[in-house]
Amino acid sequence: MSAKIPVGILGATGVVGQRFIQLLENHPWFEVAWLAASDRSEGREYAKAARWRLKTPIPQSVANMRVSPATPDGAPKVIFAALDASIAAEMEPRFATAGHAVITNSSALRMAKDVPLVIPEVNPDHIKLIECQPWRKKSGGFVVTNSNCSAMGLVLALAPLQKHFGLETVMAVTMQAVSGAGYPGVASLDILGNVIPYIAKEEEKMEEETQKLLGKLNGAGVIPAHFKMSAQCNRVAVEDGHTESISVKFSKKASPNVISDAWTSFRGVAQQKQLPSAPEIPVRYMDANDRPQPRFDVEFGRGMTTTVGRLRPCKVLDWKFTVLSHNTIRGAAGAALLNAELLKVEGYLD
Ligand code: NAP
């Protein structure tokens with residue numbers, strides 16, 4: 001058997017960094033070889049630098065690893081990044097310039113014209129934008145992004161609907177988990193028994209990323225999907241899992257059975273190529289009045305499946321339904337890992 005590909009994690013001590021470490025434990029193709037975070041963590045043993053917040057223990061192979069400085073020297077070629085956008089904006093290009101494959105969660109470069117924003121089940125062809133990047137041409141390095149955690153579940157639910165019925169209007173109202181705000185995130189006094197009707201820049205990201213993801217590759221860029229879209233984002237006192245109430249207007253008439261069939265039959269390249277992190281069922285439809293709920297449904301498909309339910313007519317648009325997606329797995333580390341697996345089978349990590 002060939003050796004595993006060594007990978008590094010930038011922002012390894014944070015909420016998403018920890019998920020990377022958890023999901024990479026026993027991965028068949030990749031193994032964690034390098035960890036980096038801020039000056040606060042640099043030089044310390046990982047187990048001492050990170051406040052581990054997951055329910056599985058820190059993998060032994062990582063616990064005693066020293067946190068490296070966040071610079072390209074000595075870092076492996078493949079880097080998973082989970083940095084705040086302001087830091088990522090400067091650091092990710094630095095790694096790409098030095099020849100690294102940067103697979104990132106940050107919003108810093110998601111909307112750049114030559115940077116692919118990819119969900120393997122939805123728009124795998126967009127990875128070709130890598131070839132337009134100046135880093136790729138000079139050093140072989142590149143940047144690939146995954147979406148914002150609230151856009152992820154929405155786009156997986158919309159992609160089959162767009163294909164079968166066409167989209168004219170999409171309205172989304174989110175109820176987003178506290179783990180989406182990183183660690184320590186929102187103060188307990190602000191969120192317990194409360195709903196916060198504002199998440200900085202989230203509504204804008206959700207709207208523009210959804211249209212880029214569902215858009216068409218056109219040479220050196222993406223033509224955004226053409227439908228009206230409005231998002232309202234709220235933070236709620238849930239640990240993991242973003243729930244979203246969605247209303248849609250289609251270009252073609254549809255019935256509930258064909259809509260639920262469109263979801264349940266939806267498959268993509270991730271399933272066809274049997275990528276190790278791909279869920280068997282990317283979109284699950286639950287025919288129950290009171291589901292999906294984060295407490296019961298968020299872990300389905302190892303946190304990689306988006307669950308949809310409560311499909312019913314909408315008196316303003318055509319149809320309304322509820323979407324649930326795991327924000328730190330499908331909406332962050334799991335999404336980046338799936339992108340890395342797609343890049344590997346497409347030969348970009350050779
Ligand atoms: P977080 O818990 O606050 O973690 C931030 C990480 O960045 C920590 O490892 C931190 O290291 C490191 N860091 C901070 N300043 C740094 C610097 N100057 N140089 C190098 N490393 C530095 O945040 P998070 O929730 O993991 O989010 C990370 C990124 O993923 C963000 O861009 C976020 O928007 C995105 N994202 C998050 C989610 C989610 O559900 N949480 C979902 C999708 C996307 P120290 O521990 O040393 O400070």
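This briefing covers the ligand site of the structure and a few backbone features in its loops. The model is predicted. The ligand takes up the space of the largest pocket, and 28 residues surround the ligand. Two domains contribute to that shell, each with at least three residues: domain 1 (5-148 + 333-345) and domain 2 (149-326).

**Contacts with the ligand**

- Among the 28 residues around the ligand, the closest are Thr-13, Ser-38, Arg-40, Ser-41 and Leu-83.
- Thr-13 places a polar side-chain atom 2.5 Å from an oxygen atom of the ligand.
- Leu-83 uses its backbone instead: a polar backbone atom of Leu-83 is 2.6 Å from a ligand oxygen atom.
- At Gly-14, a polar backbone atom lies 3.1 Å from an oxygen atom of the ligand.
- The ligand taken alone exposes 910 Å², and the protein buries 83% of that area.

**Make-up of the shell**

- Helix H4 provides the largest share of the shell, with three residues.
- Sorted by class, the shell holds 13 nonpolar residues, 13 polar residues and two charged residues.

- Pro-184 belongs to the loop that runs between strand S6 (167-176) and helix H7 (188-191).

**Positive phi**

- Most residues other than glycine have a negative phi.
- Arg-302 is not a glycine, yet its phi is positive, at about 55°.
- Arg-302 is located in the loop between helix H11 and strand S13 (306-313).

Methods: Residues are numbered from 1 along each chain as its sequence is written. This is a predicted model: local features need pLDDT of at least 70, side-chain atom pairs count only at pLDDT 80 or more; totals for chains, interfaces and linings use all residues. Side-chain values use heavy atoms; hydrogens and water are left out. A residue is near a molecule or strand if one of its heavy atoms lies within 4 Å of it. A polar contact is a pair of N or O atoms within 3.5 Å; within protein, one must be able to donate a hydrogen and the other to accept it, and residues adjacent in sequence count only if both atoms are side-chain atoms. Accessible areas come from the Shrake-Rupley method with a 1.4 Å probe; for residues, only the protein chains shown count as cover. On a 1 Å grid over the protein atoms alone, a cavity is a set of points where a 1.4 Å probe fits but cannot get out, and a pocket is an open set with protein on both sides within 12 Å along at least five of seven lines; lining residues have an atom within 4 Å of a point. A molecule sits in a cavity or pocket if more than half of its atoms lie within 2 Å of its grid points. Helices (H or I, at least four residues) and strands (E, at least two) are DSSP runs, numbered from the N terminus. Ala, Val, Leu, Ile, Met, Phe, Trp, Tyr, Cys and Pro count as nonpolar, Asp, Glu, Lys and Arg as charged, and the others, Gly among them, as polar. Domain bounds come from an automatic or database domain assignment.
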